[in-house]
Every structure is written in structure tokens, then in C-alpha cells.
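Hi there,

Here is the structure I promised to pass on. Have a look at it first, and then read my notes below.

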Amino acid sequence: MRSDLKPQTLPHRARPPLPHERSERRYERDEAHWTTLEIETPDREAPRPLVVDLDGTLIASDLLIETAFSELGRRPQSILDMLMALSRGKAALKHRLSEPVDFNPGTLPYDPEVLSLIRQARAAGRPVYLASASHQRLVESIADHLGLFTGWFASDETTNLAGRRKAQQLVEAFGDRGFDYVGNDAADLPVWEKAAQSIAIRTPAGVRRKLARQCPDAEHLTHTRPTWRTWARMLRVHQYAKNALIFLPLLAAHLFTLEAITQAVLAFIAFSLCASSIYILNDLVDLQDDRGHRSKSKRPLPSGAIPLMHGVMAIPVLFLGALAVGSTVSLSFLGVLLGYFALTTAYSFVLKRMMVVDVITLAGLYSVRVIGGAVAVSVAVSEWLIAFSMMIFMSLALIKRYVELAARRDANLPDPTSRDYKNSDLDIVAALAAAAGFNAVTILALYISSDSVNELYSRPQLLWLVGPLLMFWIARALMLAGRRIMDDDPVVFALKDRVSLLTVAAAAALIVAAV
């Protein structure tokens, strides 16, 4: 059989070419045109083909979820088009999403065990086919990129090649028990039933049990299973430290009652759950861009360590949990939490693609945490604290952008597609970060000079020593970013960096002594 012959999902009167057959030509009329088919006679000596599923098998991902979130990230209003397409069937939705502008088959998380199996089959002289329910444009792109397949089967605008339909297509092409099949999910059970040998990977427990009853001799490929640490990385538990800002109003007001502390802790939990839901949403929207990043590519969703569908399901669970906890604090706090969710969602889909607006939004999100903490413990929001928060976190957000742009420029990568910045903006971003940081120092100095300080502190003169510590930390952070030894997130860096921790401890000691 010719190595370049590509089985495809064709009209029902024009089946794909059969393997292991001697060539002769036949013409068959389709409704609109004549189709030339390659029909061949069986060759009993030919090796049995290996057929490989795509989503969840060859790649630890799901192209329908990827392309849907990619489209929503670029054009949130396209949700209406997607729903209209889905009303015509799943095949129509896949066709609608089949031309993502940022789709790059080279960055997909290919499974090494499946690739090894494919290469072994090719070395043994066996034909290997890719059979997927994903759209034919994406499947062809992946097949061409890998260069390992004899041909491919895929969905088109009218046919969703999944489950029994895929099984029927493969039986028509190779015969009952005429092929080996590698799959991963419940939709593959009808295909395994028709295969000579069933090979599985990443099968859920329920599917694994059904496959064992259906095909007792099924082979299961090894793969890495997600652990609690993997889930903690997806939820960004280490980022919860940012939510410590909720306790600032309590500390600034010197309100240390049990009730206030309990309310602040509940607010902290609510913000943490809400933030995790947004982190996952943001990862889903940025999958393609993150895979090209030096460190973000290792996150659980871009790397395939956790299935995308699990991430999708975790979002509403976390958000509803946040609302449940937030409602126990107060209705006012619940309103702040909903505002935080709305602003972060707007950031994920729209604002992060707007130059400078993105970093102002990030600074605002930090300030919302402070406001949430004040509302939770029922104290007045300090204007000084909000102004200081906006400036210091504006500086940190700009340092974050600086690190991202520096990494892209050093790696000779093109300008980012998910941000409205160019690699050439590096110097001006650094200047803006320094300006915002030292504006925070100015606000701190003005606050120490105000009359309100004397009401809260018995030795306010000690607070003047906090200024030099803050200037030192900001200048050092900028220098380390310029030397390319700053973490992608300055806040995370500060939590790990010994000098930063000592600086914070010294500032805290001075504030306590000033009381």
C-alpha cells in the first residue's frame, strides 16, 4: 500500500481505502462529484496496522477544550457562535474551532510511551494510523508535524468520528479484528471491542474495569499519575501568600479580637478558593502561549500532568466553595469577592491583552484583597494603605512583565501573542517599575508624616527606618531582574529569597517596636 495514502472521513458512499490490497481503480459517484478510490485486493502476508487515538492518548490534552478556550481568550463574544454551532452537533462545533490562530502542533504534550510504541511498530514494518474525533485540519497538522503515520482518520463538518462511528470506520478500512488500537477513554470501548489487540493509557477507573470485562488481555501502558502535589501546583497554593494582604487592615487598625481574626481567616480562605478557580481558567486560556514559556510550560495543565477536563470541572467547584465560605463572613464581603472574580475574569479574557491596563488591573486586584480584608473585619479602609498598595503592586506587576519579556528576548522568541507588549519594550517597562516602586516609598513617607500616625503609634519615628528597607528591596529586585535571576513572579521570589524574608522581618520588627 502506498505510504502517502491518507484515510479520511468521507461521504458514506465513498469509504476510505482499504489496507493491504493490490491497487486497481474504480470510480464512484458522490452527490456532487465523482470520487476516485484506491481499491486493492487482500494481502494475507501484510502486517496488522496499529491505530492510535489522539486526545488523551497520543497527546495528554484535549483539542476541543484547547481550541474552545483559545477562541474565548481571543474573542469572548464568540461564545454565542460556539453555542450556535453546538446546536447543530459536536462535529459542527469542532469545525467552527478548527482554525485556531495560535495552534502549534510542535508544543503539544506528546506521550513518550505512545510515541515509543509507534516507533516500534514502524520499525517492525507495520503501518500506523492516527484516528481521532478531532477535526481533520488539526489531525492533519499533527500527523504532518510528526511524520510517523501512514495515514489518518478524523472528524469533519458533519461527522463526529467518535465511539461506534469510529469503530465502524476502522472496521470498514481494516476489517473486524484487523487492527490494534490504542485509546484512553469510554468513547474508545466500542473501538477496543473491534480491535485485535486493545492497548490503553490514562484510563479512568470505571473505563479500566469495563475494558477488563470486555478485553481481558488488554495492555495498559505506563504513565505518570497526578499527585496531591500536582494538584497543589495547578491550584497555585503557593500563591495564597498574596492573600495575606487581607490581614493588613486588621493589623493596621490593631484589631486583635477573636471575632475579627476568625472573620479574616474565613476571608482568606474564600479569596484563596476564588483565586485558584481563576488561575485554572487563566491557564486554560493561555495553554499555547504557556507551552512556549521556559517555566510556565511545566505547569500541570500545559504539560498534560492533569487532564484539561479535570481543570474545567475544578473551576465551578472552587468558585462555589469560595461563595459558600464568603457568605459566612458577610454580604458586603461577598460583594467584594464577586467583584474580585469579575475583575479577574475580565483580566483573563480581555484586560491582560491591553498594554499597561493589564498591570494596573493586577495592582488593583491586590488592592481589592486589602479592601476585602477591611470589609471582613468591619474597619474603615485606609486611603493611605490603598494608595501604597496600588503603587507597590504596580511595581511588582511591571517587574513580572519585565521578566517575561526578558526571557522571550533572550530566547529569540517572537513578541508574545497573549500580551500587548513587544520585546523592545523591555527598557521602558523597567523604568516604569522603578518609578512605581519609589512612588510607594513616597506615599509611605507622607503617611508617616500625617497626624493619623500619632494616634496608632507611640514611637512613629521608628517607621522612618522602614523607608530605606523598602527602597533597598525594590532596587535589589530590579537589579536581579536585570541579571535574569528573578523568579517569574516577584511575590513568589520574595517568599523564597532569604534576603527578602530578612528585609520583611526587619520591617515588621520596626513596625511592632513603633507601636
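The axes of α16 (residues 357-376) and α17 (residues 383-410) cross at roughly 140° and come within 8 Å. Axes here are lines fitted to C-alpha atoms over the stretch in contact, with angles from 0 to 180 degrees between N-to-C directions. Among the residues that make the contact (heavy atoms within 4.5 Å) are Val359, Leu362 and Tyr366 of α16, and Leu385, Phe393 and Arg401 of α17. The contact residues divide into 14 nonpolar, three polar and two charged; Gly counts as polar, while Ala and Tyr count as nonpolar and Asp and Arg as charged.

A word on the source: this is a predicted model, where local features need pLDDT of at least 70 and side-chain atom pairs count only at pLDDT 80 or more, while totals for chains, interfaces and linings use all residues. Residues are numbered from 1 along each chain as its sequence is written, and side-chain values use heavy atoms, leaving out hydrogens and water.

Now the whole protein chain. Of the 515 residues, 51% are buried (under 20% relative accessible area, 1.4 Å probe).

Enjoy exploring!

Note on methods
Helices (H or I, at least four residues) and strands (E, at least two) are DSSP runs, numbered from the N terminus. Buried means under 20% relative accessible area, exposed over 50%, partly exposed in between (1.4 Å probe, protein chains only).
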